[in-house]
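Dear colleague,

I am passing on the structure below, with notes on what turned up when I went through it. Please read the notes alongside the coordinates.

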Amino acid sequence: MFVSRGRYIGKRLFSSNYQSILHNAQENVNQLLESNDRSSYILAQYMPEPVRNTFLAIRAFNLEVNKINEGGSNVLSRASKASSQMSNTLGISTADLKFKFWSDLLLRVFTEDSRTETDLGEPIAILLRDGLRKDFNLDISYFQKFLQTRRQFIKNSGSFQTVSDICSYGEGTYSQLNYLTQGLLLSPSISPSVIRLLEYSPELQSLISDIAAHIGQATAVSSMILGVPFYAQTRNQVTLPIDLMTSNDLSQESLLRLCQGHVSDSTEEAQIKEKLKEVVYQTAITANDHMITARDKLAKTRLTITEVLEAHPNDKLLVKQSKNWRKTIPDVIFTPMMVGIPTVLYLNKLEKCDFDLFNPKLKQKEWRLAWTSFRDYYRRTI
């Protein structure tokens, strides 16, 4: 009797300890995103409550990995120099070590028994493991592809020859996150009726996957435009397509000098800014085109869902659940697409600022996301 009671208490305390670990991880990830990626923090509120923490972990993973660089935020910093010395002597940089940390940690998350309650020490990993513990759809290959693509970006010194190269980068990063989110919301415990719907239509499966891809590529192009001043000032890198800069007679050196405040002649400054506006405009067109394509495919998605429902009038599960689908589109299909809304808001603001990256309005915090996301959620638009 005494031994059995002792085991029970021990098990109960262990479970309580796990709940404490999980709670602390939730708090840390929420604070991280609320401070550094408010868009994801706001959009998480549209995710079904059971998978919300896992979604936040995916977005926090993106945030943390994007912080990795070759030894510091400034190429002239002590950390950057130390990383360069390590690379020259050992053939490995601090960035290599950080990527290996994440790769090893993910492998541990996905290969260890998810029922174990050991503290992984990293809030993102704890929430991902908890998602696996709940049998949510999570595929390690998407995380691995993200890490590989981001690592290659750093090795290439953050430069792109063409805008198509940026799109390829977007497919390997942001699109992977979108695929992860789609899979997460299509977990059997979350959306059995929508899984049934997709089983009836390979075309529908292709459409929602294509939308995720286009939104990811649009996000990448927009983020590289947005990041021009940051990368130029802190890492001495240019993230705009080199071929477009060349065709507009804008050298990387002049852009770096402009962003770093080394252009003293007002006439020269005006000329560089005018060329930069044209390059930004031509780059932004690609991002906008991807969002237009995503919207077209969203319209086709609505029509395809209607066709599938009409073709299976005797499927009681679909008939019953489809009555709750707003504008014919289930939440679990639409909400992953909402990550494209911040990109649309930025592109619209960029256009209003005449593609001038130095317009003070571009630096203002985006206050419209809460309202726009609410409106688009009910309208089923992106």
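The buried residues of helix H12 (residues 228-235) are covered by elements that include H3, helix H7 (140-155), H11 and helix H14 (252-259), where helices (H or I, at least four residues) are DSSP runs numbered from the N terminus and contact means heavy atoms within 4.5 Å. Helix H12 is mostly covered, with 6 of its 8 residues buried, namely Val-228, Pro-229, Tyr-231, Ala-232, Thr-234 and Arg-235; here buried means under 20% relative accessible area, exposed over 50%, and partly exposed in between, with a 1.4 Å probe and protein chains only. Just after H12, Asn-236 takes a positive phi of about 60 degrees.

This is a predicted model, in which local features need pLDDT of at least 70 and side-chain atom pairs count only at pLDDT 80 or more, while totals for chains, interfaces and linings use all residues. Residues are numbered from 1 along each chain as its sequence is written, and side-chain values use heavy atoms, with hydrogens and water left out.

The protein averages a pLDDT of 91, and 91% of the residues score at least 70, pLDDT being the predictor's confidence in each residue, from 0 to 100. Where pLDDT is low, the predicted coordinates should not be read in detail.

Turning to helix packing, the axes of helix H11 (residues 202-226) and helix H18 (residues 341-352) come within 10 Å and cross at roughly 45 degrees, the axes being lines fitted to C-alpha atoms over the stretch in contact, with angles from 0 to 180 degrees between N-to-C directions. That angle makes H11 oblique to H18, since angles under 35 degrees count as roughly parallel, over 145 as roughly antiparallel, 65 to 115 as roughly perpendicular and the rest as oblique. The crossing of H11 past H18 is left-handed, meaning that the near helix is turned anticlockwise from the far one by less than a right angle. On the H11 side, Ala-218, Thr-219, Ser-222, Ile-225 and Leu-226 meet Thr-343, Tyr-346, Leu-347 and Leu-350 of H18. By class, this contact of H11 with H18 has 6 nonpolar, 3 polar and no charged residues, where Ala, Val, Leu, Ile, Met, Phe, Trp, Tyr, Cys and Pro count as nonpolar, Asp, Glu, Lys and Arg as charged, and the others, Gly among them, as polar.

Two buried loop residues also deserve a look. Ile-68, in the loop between helix H3 (49-66) and helix H4 (78-90), counts as buried at 3% relative accessibility. Leaving aside neighbours within four places in sequence, Ile-68 is in contact with Ala-95, Lys-98, Phe-99, Trp-102, Arg-150, Ile-154 and Arg-235. Ser-201 lies in the loop between helix H10 (192-200) and H11 and is buried, with a relative accessible area of 7%; not counting residues up to four places away in sequence, Ser-201 touches Thr-304 and Val-308.

Finally, some backbone angles: most residues other than glycine have a negative phi. Asp-249, in the loop between helix H13 (242-247) and H14, has a positive phi near 55 degrees and is exposed, with a relative accessible area of 59%. Thr-328, whose phi is positive and near 80 degrees, lies in the loop between helix H16 (316-322) and helix H17 (331-334) and is partly exposed, at 25% relative accessible area.

With best wishes
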